[in-house]
Structures are given as C-alpha cells and as structure tokens.
Amino acid sequence: MFSTNPTSSDEYNEKMANEIDLTQWCTDLARSSPDHQQSLLLIGERVSELLQQDPGLLFSHLYRLDIEEKDLRKILEDYAPELWPEKLAEAIWQRQMERIESKKRIRVNPVHEEGWDF
C-alpha cells in the first residue's frame, strides 16, 4: 500500500506543490487551450506519472477536481489499466468543461459581511 503521509516538511511541501499544481494546471489548461486533443495528452501524461509514482496523490487530485466516484469506479472497472490515464484525462477534461460552463451561467456576488474578508 502506498503512504500518502509525508515523512518530512520538504516532502510535504513538494506534495502540496504537486497537488496544487495539478488541480490549478487542469483548470488553467481547460480555460485556455484551444487544442482539446493536446490537452488530453498532457493531462493523460500527468495522470500516468501519478498512477506510477503516487496513486494516493492522484486520487486526492481527482477528489479536488470533483470527479464523481461513480465515474471513477466505472473507468477502473471497465477498462484495462493501460487505458486508465487516457480515460481519467477525459473525465478530468469533461468535468473542467462543466465547471467552466457553470461559472459562465451562475454568477455569485462576493460576500460583504464582517468575518468573510480574506
């Protein structure tokens, strides 16, 4: 079993940087990339890397990216492991597109109450 608990502050900082990086990177890529296929390849490469090096971190990313558990389970059960990076990349891309469209449709005004300032 893979451990997701870092053993030093350097490892913790690296894990946090990677986690933030993948989540933000996918969001930025989905917003800015005109090339859908190239984006899927890039995401798939990172997913493959994480599957091999740190599956726990990958699943943390998938949770943060709001990939539905049922979709994840379907990919893992219905496809051979060598297809997982491609299928997970497609799920990530699709979810990011849904989020972008949702943010276009639904505008949320900032909260201007005491205690909600950051």
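Start by selecting Ile92, which you will find in helix 5. Keep in mind as you look around that this is a predicted model. Is Ile92 buried or exposed? It is buried: its relative accessible area is 0%, and the cut-off for buried is under 20%.

Now show what surrounds this side chain. Setting aside neighbours within four places in sequence, Ile92 is in contact with Cys26, Ile43, Val47, Leu62, Leu65 and Ile67. Pick Ile67 from that list and draw a distance: 25 residues separate Ile67 and Ile92 in sequence, yet their C-alpha atoms are 6.8 Å apart in space.

Next, colour the whole of helix 5. Does its length fit its residue count, or what span should you expect? At 1.5 Å a residue, the 22 residues of helix 5 should span 32 Å, and the end C-alpha atoms are 31 Å apart, so the two agree. While the helix is coloured, highlight its buried residues: Pro85, Lys87, Leu88, Ala89, Ala91, Ile92, Trp93, Gln96 and Ile100.

Bring in helix 2 as the next selection. Helix 2 and helix 5 pack with their axes 8 Å apart, at an angle of about 120°. That angle makes helix 2 oblique to helix 5. The crossing of these two helices is right-handed. To see the contact itself, select His36, Ser39, Leu40, Ile43, Gly44, Val47, Ser48 and Leu51 on helix 2, together with Trp84, Pro85, Leu88, Ala89, Glu90, Ile92 and Trp93 on helix 5.

Time to step back to the core. The largest nonpolar core has 17 residues, and those touching the most other members are Ile43, Val47, Leu58, Leu62, Ile67, Leu88 and Ile92. Helix 2 (36-53), helix 3 (55-64), helix 4 (69-78) and helix 5 (84-105) each supply at least two residues of this core. Which helix gives the largest share? Helix 5 does, with five residues. In soluble globular proteins, nonpolar side chains tend to be buried together.

Not counting residues up to four places away in sequence, Leu58 touches Val47, Leu50, Leu51 and Leu88.

For the last stop, move to Asp66, in the loop between helix 3 and helix 4. What is its phi? Asp66 has a positive phi of about 65°, although it is not a glycine.

Conventions
Residues are numbered from 1 along each chain as its sequence is written. This is a predicted model: local features need pLDDT of at least 70, side-chain atom pairs count only at pLDDT 80 or more; totals for chains, interfaces and linings use all residues. Side-chain values use heavy atoms; hydrogens and water are left out. A nonpolar core is a set of buried Ala, Val, Leu, Ile, Met, Phe, Trp, Tyr and Cys residues joined through side-chain atoms within 4.5 Å. Buried means under 20% relative accessible area, exposed over 50%, partly exposed in between (1.4 Å probe, protein chains only). Helices (H or I, at least four residues) and strands (E, at least two) are DSSP runs, numbered from the N terminus. Contact means heavy atoms within 4.5 Å. The expected span of a helix is 1.5 Å times one less than its number of residues. Axes are lines fitted to C-alpha atoms, for helices over the stretch in contact, and angles run from 0 to 180 degrees between N-to-C directions. Angles under 35 degrees count as roughly parallel, over 145 as roughly antiparallel, 65 to 115 as roughly perpendicular and the rest as oblique. A crossing is left-handed if the near helix is turned anticlockwise from the far one by less than a right angle, and right-handed if clockwise.
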